[in-house]
Amino acid sequence: MKMNEAPAPKVELRNVRFDYGGAPILNGVTAVFPTHCITAVVGPSGQGKTTLLMTLNRLWQEERPTVGRLAGTVRIHLNGGLVDIYEDRYDLTWLRRRVAMVFQSPNPLPMSIYKNVAFPLKLAGEKRDHRMEERVQAALRQAFLWDEVKDRLHKDARELSGGQQQRLCIARALILKPEVLLLDEPTSSLDLRACEVIEALLAHQKESCTMVMVSHYLEQVRRIADRVMVMENGRLLPRDAA
Amino acid sequence: MLYKSLKTLVILSFLISLLFFVSMPASLADPLAAFEGMKGEIKISGGTAHIPVMKAAAKAIMTANPEVRISIAGGGSGVGIKQVGEGLVDIGNSGRQPTEGEVSKYGLKMFKWAIDGVAVVAHPQNGVKALTESQLKEIFSGKISNWQRIGGPDKAINLYTRDAASGTREVFWTKALGKGEIFDKANVVVSNGAMKAAISNDPYGIGYVSVGHIDDSVSAVALDGVAPTMERVVSGDYPVARGLFSNTKGDPGPLAQAFLDFLFSPVGQAIVRDRGFIPVK
Amino acid sequence: MTRSEFLTKYGFMAAAIISAAVPLAIFIFMALLGYPILTSGRLFGTLLGAWDPIHQSYGILPMIIGTFILAILAVAAAFPVCLGCAALVSDAAPGPVGRFLHGVVRMMTGIPTVVYGFVGIFLLVPLIREAFGGGSGFSLLTAALMLALLVSPTMILLFCDSFGRVTHTYRQAAAALGATTAQQFLFVVLPQARNGILAGVLLGLGRALGDTLIALMLAGNAVAFPDHVFDSARTLTAHIALIIAADFDSPEFRTLFLCGLTLYVLTTLLVLGVRLTMRLPGRRP
Amino acid sequence: MMRHAFKLFHVWVWGSTLLLLAATGTVIGFLLVRGWAGIGRELVFGETPVLAALMLQRPVFDGLFPAMVGTLALVLLSVGMALPVGLATGIYLAEYATGRLYSLLSLFFDILAGMPSIVVGLFGFSITIFLHHRFSGKIYPCLFISALSLAVLVLPYLIRTTQAALEAIPADLRLIGPSLGATRFQNIFHVLVPHSLKSILSGILLAIGRCAEDTAVIMLTGVVVSAGIPKSIWGNFEALPFYIYYISAQYADADELTRGYGAAIILLLLCAFLFGIAFWLQRRLSQRWFERV
């Protein structure tokens, strides 16, 4: 996919403003993240990149107590059309099962590898064991982790290496077959080798999933991102304009 | 024919009555047999002078019949009378006779199963072994506050008294102090047992306790020359005497009745004597 | 929101409402049962008179005074010791020693009150009697000393907490100027932690006011106004424990609720005080 | 001059600490020295054969067994009653309540936490008497009433530990569940509560300790000098702390006094044990995750 083809928008932000307890973080972000692309968001730290991701799955609303305030519209292509995800009729759970997220540092839950990956499926109400096993295996394969863990699925997930843990988290995010995957500096705590594996697997997911990735490393961005945007002063600009 | 059947009848009735007479004394001899087949709880509270007898009786009864549970609480005579009157316990003990007002208000039935006295007690090492009534009044009203004035060492007198619910206090206050003042700076203890323990530990303390509770750990003080022994209480020489009562609201229920019967049985009265009181039978 | 989400949320809320209703219910119940006294015109007499049921006088003032004196004595005795101990635990002692002592103090919070009372009777009472000849040993002082021991861990832990919250940079600044541990503590930590110290004192007072067993077992329970610390005295808490009334309509029973209400109001005021001090500005010197 | 002043500082802090440790050591030491010799089978079971007593076939007299069973029953009942309400309230406070409601609820629980136990006892007692008068003559002060009153007493502890444990969970952990599509309830039960289980558990242990040691509440609500093993929650009962109180004031002879010392040692050890485990659990919390593989 080339940049000049102008693919269909998957995520569309229009004049999104966000302030956290009165302190402005996003000052009118307007942007489009196209379908089946990896869009990288770069910029100095403390510019609200993570906040930007959290406006896309409304995760900021989980902060307790919630002091954030959002204005503007965020629309995502779900259910066959662009929908305003902040409309009351959309359930948070429903949204987050379609817009998954992977965090900066690997955060497996303190359970076995299998249970970690199966966790979202279990929450979604899957009760058939064989279905569960199939999906877990598929997700682990997608995350390039199956071969490494297939013999120890019931070991504690925290025994894995950092890179493996992060891939586990990616598998966990992918198991519900999300349409959008939000990645918050997914490789920042990993070594180069682990980093490359993750980059490779992300590139593989492009066909099924639209990705928005916050990153520090321009190298990495150059390797896998289709589009690059720069976050500056609470605004998001295309890289060439910056 | 008629004669024969009459004869059989006579023999039969004789045999039955024989059986009756043989078996009756047996059941009389064992008052615990009355509890056979009974189960449930007897709640007892009130007078603290009663507690040793209550505990011994409960032990005997509960050993013979574990199905019966007897719970014993203190609180003092006033509490016992009120609690039984309000229906909170089955038996309310009092170390004084319930007043007419109390009897008519609650419909109490009284059972007096022992005679007791209230004696002034001091520490065994205390030299003061006898007091006159007027000395006693002055001590308890706080006017005499040093042992020296009554022939003891030059030490302050530590007064111990009971709270207003106590029957022991009531009897002592009426019969020994002639309803005179009790100094309000006196230490207040909660029971006869507590009084004895407190005096036995305080070389300069003085208090009053049920005669039945007196042992080596405290020394009884003679009042106007009469030593507070059970003999002198019975003979009427020692004036501060009283009965120990168990009270029920109306007629006692079967369990409470069995318990009271036990107290009045030879075994029960032996317990009463053994704990230092004078049995009524 | 799904049905189960809705149900669980309101289930939790119901539990919270029940829990919050408890202190309210206690207050309302006490007030209702004490109401006849509050309105009978005898309130003044009941609050200020002497306790002498035989003469129909049911005053609780001696107990109120006893409660105050005892609590203040206990906290006053405990305060310098607790402050010193907290200073050692959080500041002056080397790390492992401090941590060990902190653990010991926390374990001390677990010693049952009745054990303090028990040892008080058989150890402290004779000691006080011998050492200060004359009294029976059951006195305000005896109870206050044991009570001081009881409230110490609470106070120390709170003090340590507030010392620990003093910004590290201030200490470093002081240390950079060549201040010794003692100087840092006295001139930097102590002034900054004063709200926490106040909160600790108030909390200690609350504990001391509310304790029943030590006062009941050691203070002697005399109903008179105490004149000095060797006097026997009765607290509100011990009074409630001693007057086991069973008859609903007797004045003794009614006055118990006055005692209960008084304790309720006192401890509530202290709680409000603690909350207030925690919120006070003044972390800055 | 200053030098001396600051030497004084060290004398003060070390002196205070040693004084406190010495006082506490004296209390415990005195108890152990006087009472240790009395610890044994007879202390607990009197003259009753141990097995028969444990099987509840024969009642125990002159032993601590009934009081120990009474305390056990009391603790189980009251913590059992307080736990569901306390946990749910703590969760509500930490995860749902906001703003003014949060402050108001906190204030109420602070007031409840500061309430003297005798006031709680008086409340339980007077409610019982009230019900006895107005509704049924069959309602007395009893084990159930005591347990209920104790539940009120420990409720704020359970609420506070639950709330504090949940609020201490770092934001990144808090967000994992929701980011994977967990509802708030699912997040609480699958992630947050399991993660704070240890500190909640230590709060429960502290509550148990509080139930086991409190005397003021039970002495107004149904504890008695002698009752035997509690057979029903509607009957009177014995309990260790009350036994200690009772013996201290009115032991009849040396044997009873020895039992009083024994009871005090047992209660002390019980509380030390509970508090020890609770603090050990709390310390282990510094490890970020709980084990549930």
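In the predicted model, helix α8 of chain D, spanning residues 171-179, is mostly covered, with seven of its nine residues buried. The buried set consists of Leu173(D), Arg174(D), Leu175(D), Ile176(D), Gly177(D), Pro178(D) and Ser179(D). Just after α8(D), the backbone at Gly181(D) adopts a positive phi of about 90°.

At the level of chain packing, five pairs of chains touch, and the pair formed by chains C and D has the most contacts among them. Chains A and B, in contrast, do not touch. The nearest C-alpha atoms of chain A and chain B are separated by 51 Å.

Chain C carries a nonpolar surface patch of about 620 Å². The residues that make this patch are Leu24(C), Phe27(C), Ile28(C), Leu32(C), Val265(C), Leu269(C) and Leu272(C). Two helices of chain C, α1 (3-39) and α12 (251-279), each contribute at least two residues to the patch. Helix α1(C) provides the largest share, namely four residues.

Among the patch residues, Leu272(C) is located in helix α12 of chain C. The relative accessibility of Leu272(C) is 37%, so this residue is classed as partly exposed. The limits applied here are under 20% for buried and over 50% for exposed, with partly exposed in between. The patch criterion is a separate one, requiring over 30% relative accessible area.

Definitions and conventions:
Residues are numbered from 1 along each chain as its sequence is written. Chains are lettered from A and ligands numbered from 1 in the order in which they are written. This is a predicted model: local features need pLDDT of at least 70, side-chain atom pairs count only at pLDDT 80 or more; totals for chains, interfaces and linings use all residues. Side-chain values use heavy atoms; hydrogens and water are left out. Patches are made of residues with over 30% relative accessible area and no salt bridge: like charges are joined within 9 Å, nonpolar side chains (Val, Leu, Ile, Met, Phe, Trp, Tyr) within 5 Å. Accessible areas come from the Shrake-Rupley method with a 1.4 Å probe; for residues, only the protein chains shown count as cover. A salt bridge is a side-chain nitrogen of Lys or Arg within 4 Å of a carboxyl oxygen of Asp or Glu. Buried means under 20% relative accessible area, exposed over 50%, partly exposed in between (1.4 Å probe, protein chains only). Contact means heavy atoms within 4.5 Å.
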